[in-house]
Amino acid sequence: MTKKILPGLFILLLLLQQVSFSSAINKNISHNRSTKTITITTPDKSLAIVIDYSSGCIIKQLNIKGNNTLSPSGIYSGVQTKSATFSSGDHINNVQVIETINGVTLKGINYGDSTIGIKETWGFKLDGNKITWDITRAYNQDDQLEDISFPKWNFADLSVWKGGIIDNGGMVWCKYLKQVNDTYGVHTGGVTFWNAKSGNALSINAKTDDDNAIATKYSHSPKNEFTCTQLVTSTPLQQRYNLSRFVGRRANVFAPFEVKKETVTAHFVLQYVNYFVKYSRGKLTGIDADAVRELLNTTGRYGVVDNNIIGANGWTSNWKCLHEPFFAQIGLAVDDQNYTRNMSSTLNQERDQAMLPDGRVLSRWHNVPGDEIPGTYNAKTGYYETVWGYTVDSQTGYVINASEQFDITGDVAWLRSHQISCEKALDWLIKRDANNNGIFEMVNNNIAEHKASDWIDVVYASYENAFVNAQMYEALNHWADCEKIMGNQPKAAYYSAIALRLKTAFNKPIEKGGFWSAAKKQYVYWRDKDGSIHGDNLVTPVNFAAIAFGICDDPKRIALILDQIEQRVKAENLFHWPLCFDSFKREEVQGGNWPFPRYENGDIFPTWGYLGIRAYVGYDKSIALKYINNILEQYKKDGLSSQRYSRVTQLGQGDDILAGICTTITALYRDIYGIRPKWNRMGLEPNLSSSLNGTEFNYTLRDTVYQLKLSVNDYVMRTNTFSVKSNEAFGASRAGNKLTYYHHNQDSNLLQVNAASNKLIDTDINEWDEKQISWTITSPNKYQFTVTGLQPGSVHQLWVNNKAQSVKVKADGSCSVSKVCSSITKFLIKWK
């Protein structure tokens, strides 16, 4: 006789059966045994993953704010041999799941064949709103592999993310992976992918155990997915095709490699990031802050080719020119400690691999030979002399970058490691003043040689080159300051004297051996050895460099040049400056520059935009701001994804994209907002227009976050330990309980505030001129105040809240006063 089950009891049994197949490890981790899936969700619900071990083991969903970002391929691990490919997604039935209170471990993820066997364990944990994922892999024997996935992330398509900010300071921009199997590989593991429309971002922090190396490749898959693959190996991977970091239509960028019979572990931390918050540029009054953010996170980072290689052109063309002096400055604007570290390493590598014993700095790095003077290409390092000529500005580029990098890092030991090499680089060029006239000569002597001598590499500038000599002036002054910091006063004086002599010679009329053409109201480009003058066609980098680097400080000449340039731009309604306004002569340029305007003979190259901004900011700030806004508008149109712009159509030309095309915006930070760090302090030297009043943003320098508020003649710098307000340029630093204020960001006039306790020091600088110094303390404490840079032995009146006393200046030019300040206290020193 069949027993009847009551409907209610039947439903209860079904529910009990479901419970037996599905359980909650905790409220954020659930395990469905029937579907063999595990879901891990961060407490804030911003990030969730779904692990599927029903047939193999993959992460089949990675949800950001509830939206899955993955393709059906999901995320998996694997290996590729010469004959086969194996992955954790292969049919595997014996995956074991071990649950813990805050995570889950999956064992028995075994795949491969008789030639190679892989045994993996995946461990997942919740750490606040982060998900950690450890992959431990055991190889059963030594073998050679073509590729590995450790793991491989398969995103739905190339629109899921705009790109990824890589943890060496670089970036991958999805739109640059145009063709199937276009692949970019770097020797680092971490990345933050972002979507510029939603503001959603995914941070993947990657590390390995022991001394293993990690690399990553980014690719456009045959399924039109955007893929990210980490590779963990015992030694750093070599390139598969010469020195190429980017390869077109090839899935593998790294060479085959050996694995040993051993166990290897990699650690990944996944976290949702609010991109708009983390990468906020603050409140940039009168400036499109979103465009600034996107430009600096794409074009500004594009010059990071790999670890130890930062420069332009950039990673899609596998090219770097060492004769570009602005990549430390780009790092100043990008404001990413990963970029800063990589830039220091880049200069280290160039010192060690690109400098010849006599001090000559090789001009370029490239992945393959073909652009070099025969016999100069080093297939191991990639450095060489370009076939277009000895571009002598690689000497100055190295020194300027090294000096400005030191201002950012403040690392004196690092600077000392470059002392000999920077001196050799400068001395190599100093020795080239064969006629002893104070101007330094190029390797080529005349246009008949059909060779270049600087960045404008298909124009036959030769012998005495004004563009290179203006850069030399900047390099000499920078390096003289560095020598002072290292305590080598004789060397500092030596380089300063050479710079002064160069300045005098440079500014002479062309009739007397200089570069100034009174007739043309401009500096000419070069003089051949026979004395003939060339380049009087208003070459913008030449004239901008003369003004920006201070070798021209004559107000009348500055006005003649800058007014002329602006009139010419307005006449043609150009959005940015061309390399030259009028044509070179036919015999002065390579054939690809003809007819005018074409290529380096008249097209628009924004690469040297920072020189234009720096030149105009001291003359007419509104003009400088116009070009900053113009370049931001152009970025919004095309991403500045070109080498140059046609003078005729103003459309992008050349797929040889130049990373330096962003320098107009780096100048916004250095020359408008006045971000001018020095080795021992943060500096502010703003050049603001009233349209920028109310600008506020954070800037991070050496792990200290500076909150900056900027209006015309009203500058505030604040950290969690001090606040300084001034109506003039200044620098500030705090060490222990001592705050040091540097008037005009110079070392000569200081106010030192020593506090009795480590509380916040809050001070306003009221006045600082040749008649008096006044400041106000608003934070209660016991203080000793010391002012330096005064006339030794002089006597002054000191007023403290309107009470006067006399103070005598010590022999070292300082005077001090102690005061317990229980309320707002004003100090005033007046000269008698």
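Hello everyone. Before we start, please keep in mind that this is a predicted model, where local features need pLDDT of at least 70, side-chain atom pairs count only at pLDDT 80 or more, and totals for chains, interfaces and linings use all residues. Residues are numbered from 1 along each chain as its sequence is written, and side-chain values use heavy atoms, with hydrogens and water left out.

Let's begin with the helices. When I say helix or strand, I mean a DSSP run numbered from the N terminus: H or I with at least four residues for helices, E with at least two for strands. Buried means under 20% relative accessible area, exposed means over 50%, and partly exposed is in between, using a 1.4 Å probe and protein chains only.

How many residues of helix H11 are buried? Nine of the nine, residues 540-548, so H11 is largely enclosed by the rest of the structure. Among them are Phe-544 and Ile-547. And what covers them? The cover includes helices H9 (466-485), H10 (489-506), H12 (555-572) and H13 (609-617), along with strand E33 (522-523); contact here means heavy atoms within 4.5 Å. After H11 comes Gly-550, with a positive phi near 80°.

At the start of H9, a side-chain oxygen of Asn-465 comes to within 2.8 Å of the backbone nitrogen of Phe-467. That is a polar contact, meaning a pair of N or O atoms within 3.5 Å; within protein, one must be able to donate a hydrogen and the other to accept it, and residues adjacent in sequence count only if both atoms are side-chain atoms. Just after H9, Gly-487 has a positive phi of about 85°.

Now to the strands. Two strands pair if DSSP finds at least two bridges between them. Strand E43 (residues 730-735) has five of its six residues buried. On one pairing, E43 meets E38 (residues 682-684) in the antiparallel sense over three bridges, with Phe-730 as the bridge partner of Leu-684. E43 also pairs with E44 (residues 738-743), again antiparallel, over six bridges, and Ala-735 stands opposite Lys-738. Two residues sit between the strands of that hairpin, where Gly-736 takes a positive phi near 65°.

There is also an open sheet of nine strands with mixed pairing, in the order E39-E40-E41-E42-E46-E47-E52-E49-E50. E39 (695-701) and E50 (803-808) stand at the edges with a single partner strand each, so one side of each is left without a neighbour in the sheet. Inside this sheet, E49 (residues 795-800) and E52 (residues 825-831) run antiparallel, joined by five bridges, and Leu-798 stands opposite Ile-829.

Most residues other than glycine have a negative phi, and most peptide bonds are trans. Phe-150 and Pro-151 are joined by a cis peptide bond, with omega about 0°, and Pro-151 lies in strand E14 (residues 147-155). The bond from Trp-594 to Pro-595 is cis as well, and Pro-595 is in the loop between H12 and H13. Leu-640 has a positive phi near 55° and counts as buried at 0% relative accessibility.
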